[in-house]
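Subject: Structure for your files

Hello,

Please find the structure below, with the sequence alongside. My notes on what was found follow it.

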Amino acid sequence: MNVLSVRSIVEAVLDPEIPALTLGDLGVIRDVREGKNGFEIDVTPTYSGCPATRVIHEMIAEALIKAQVNQFDIRKVLSPVWTTSWISELGKAKLEAYGIAPPNLGKSGPKSCPQCQSGSLSQISNFGSTPCQALWRCEDCLEPFNYFKCL
Amino acid sequence: MSDPRFHLALRMGDNSLILAQQNSKWCGHAPTLEEDIALANVSLDLMGHAQMWLGLAADIEAKGRTADELAFLRDSNEFRNALLCERPNIDFATTLVRQYLFDVWHLEQLGLLCAGADISVVEIAQKAFVEVQYHRQRSSSLVIKLGDGSEESHKRIQNAVEALWPYFGSLFENSDNDHFLFEAGISELPSSLRKRVVQQLSADCVQSTLILPDSVFWHKGAVQGHHTENLGYILAEMQYLQRTYPSSNW
């Protein structure tokens with residue numbers, strides 16, 4: 001097993017809170033390298049208090065063991081700080097298809113309703129069901145939806 | 001003398017930990033569902049910051065203590081949080097104003113720490129800064145809405161500002177360690193933030209129609225571990241499990 005294949009195993013793990021995204025899409029895998037005692041994997045947290053961080057580490061370990069990689073060390077790194085700009089374009093498209101409006105950089109809210117694409121929107125709450133999401137509503141189809149906030 | 005960065009990390013961590021603990025008591029009890037979720041989210045962020053700061057404090061101290069041990073096995077005289085953070089929740093107005101005063105200070109303080117000379121401090125400050133922007137936005141927009149709201153909401157928010165003001169100054173209290181941190185270029189003196197923070201509060205007052213007290217009487221002593229009796233009650237609840245079943249693990 002080489003670094004590239006380990007990296008692809010780790011990046012294919014699904015985010016526990018938003019399983020539409022892989023960790024690769026989310027941009028939280030910062031480095032995978034071969035160290036003295038096996039592979040070293042640097043993972044950065046999204047929100048600092050997010051309970052998913054711990055689960056993510058466990059899921060990476062599980063995926064590696066399943067692929068018979070038994071020598072590894074998962075490290076938490078803070079810098080450079082994760083922001084929503086780390087989410088890939090593919091990740092943003094997946095979010096939208098999943099019903100979550102992707103982060104709209106430089107704007108105070110989502111671009112359009114993920115259900116009907118209307119731009120007539122209003123915010124219900126800046127905080128939602130997970131630390132990374134806000135709650136919005138579409139004024140046309142009247143559906144509430146989650147918005148992945150910009151960090 | 002111990003590393004002054006230990007005291008900085010402890011102070012930042014204790015502020016976030018105690019405020020998170022206080023706010024989390026609203027979970028399931030806030031006046032609206034959205035506020036309930038917002039308060040829980042803010043608490044979660046603060047708890048995450050506390051974990052990072054206390055983790056850093058434990059690393060600097062290098063005595064084998066963990067962040068959890070610092071949180072759950074210290075007595076109130078060893079805590080360095082500002083007196084504002086330990087004020088009781090009382091009602092939603094008090095909780096909101098406490099958060100608001102803290103957020104305005106917090107964002108300013110984190111911004112300064114981001115520009116400091118110590119890389120471990122900078123990393124945590126940068127991480128927290130982007131999240132606290134949301135806290136500051138939420139609490140100020142609510143304080144403005146309620147301050148400039150009904151007669152009742154205005155009265156309650158104004159009363160809360162006056163009741164919390166004497167404890168707010170605790171955030172700007174200097175300790176000996178702060179002079180070392182300042183000399184080393186790691187952080188500004190806490191007292192130097194006061195003017196900027198009060199200016200920002202005054203700017204919001206134009207919209208919120210609130211009047212800031214002109215009193216300069218501020219309770220001191222938190223930087224030496226002199227707290228109000230309320231911290232004892234908070235710790236009794238927060239530390240109950242570790243005190244009753246020492247070394248129990250997840």
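Helices and strands in these notes are DSSP runs numbered from the N terminus, a helix (H or I) having at least four residues and a strand (E) at least two. On that basis A:Gln117 falls in the loop between β4 and β5 of chain A. Please keep in mind that this is a predicted model.

Backbone points in chain A

Most residues other than glycine have a negative phi, and most peptide bonds are trans. A:Gln117 is not a glycine, yet its phi is positive, at about 65 degrees. The peptide bond from A:Ser79 to A:Pro80 is cis, and its omega is near -5 degrees. A:Pro80 belongs to the loop that runs between β3 and α4 (89-98) of chain A.

Domains of chain A

The domain assignment divides chain A into domain 1 (3-82) and domain 2 (88-148). Taken over C-alpha atoms, the centres of domain 1 and domain 2 of chain A are 26 Å apart. Contacts between them involve eleven residues of domain 1 of chain A and ten residues of domain 2 of chain A. The domain 1 side of this contact consists of six nonpolar, three polar and two charged residues.

Sheets of chain A

One open sheet has three strands in the order β1-β2-β3 of chain A, and its pairing is mixed. β1 (29-35) and β3 (72-76) of chain A each have a single partner strand, so one side of each is left without a neighbour in the sheet. From one strand to the next, the twist averages 15 degrees. β1(A) pairs with β2 (residues 38-43) of chain A in the antiparallel sense, over six bridges. Within this sheet, A:Arg33 is opposite A:Glu40 of β2(A). Helix α1 (residues 3-11) of chain A lies across β1 and β2 of chain A and runs at about 145 degrees to β1(A).

Another open sheet is made of four strands, in the order β4-β7-β6-β5 of chain A, again with mixed pairing. β4 (100-101) and β5 (121-125) of chain A are its edge strands, and each pairs on one side only. β5(A) and β6 (residues 133-138) of chain A run antiparallel and are joined by four bridges. A:Gln123 has A:Trp136 in β6(A) as its bridge partner.

Helices of chain B

Helix α1 (residues 4-24) of chain B packs against helix α7 (residues 176-183) of chain B at an angle of about 110 degrees, with the axes 9 Å apart. The two helices, α1(B) and α7(B), are therefore roughly perpendicular. B:Pro4, B:His7 and B:Leu8 of α1(B) make this contact with B:Asn177, B:Phe180 and B:Leu181 of α7(B). By class, the contact residues of α1(B) and α7(B) are four nonpolar, two polar and no charged.

Helix α8 (residues 194-208) of chain B has 15 residues and spans 20 Å from its first C-alpha to its last, close to the 21 Å expected at 1.5 Å a residue. After α8(B) comes B:Thr209, which has a positive phi near 60 degrees.

Which classes of residue does chain A present to chain B? The contact involves 14 residues of chain A and 20 residues of chain B. On the side of chain A that touches chain B, seven residues are nonpolar, seven are polar and no residue is charged.

Regards

Conventions. Residues numbered from 1 in each chain as written. Chains lettered and ligands numbered in written order. Predicted model: local features only at pLDDT ≥ 70, side-chain atom pairs only at ≥ 80, totals over all residues. Contact = placed C-beta atoms within 7 Å. Nonpolar A, V, L, I, M, F, W, Y, C, P; charged D, E, K, R; others polar. Pairing = 2+ DSSP bridges. Axes fitted to C-alpha atoms, helices over the stretch in contact; angles between N-to-C directions. Expected span 1.5 Å × (residues − 1). Parallel < 35°, antiparallel > 145°, perpendicular 65-115°, else oblique. Domains from an automatic or database assignment.
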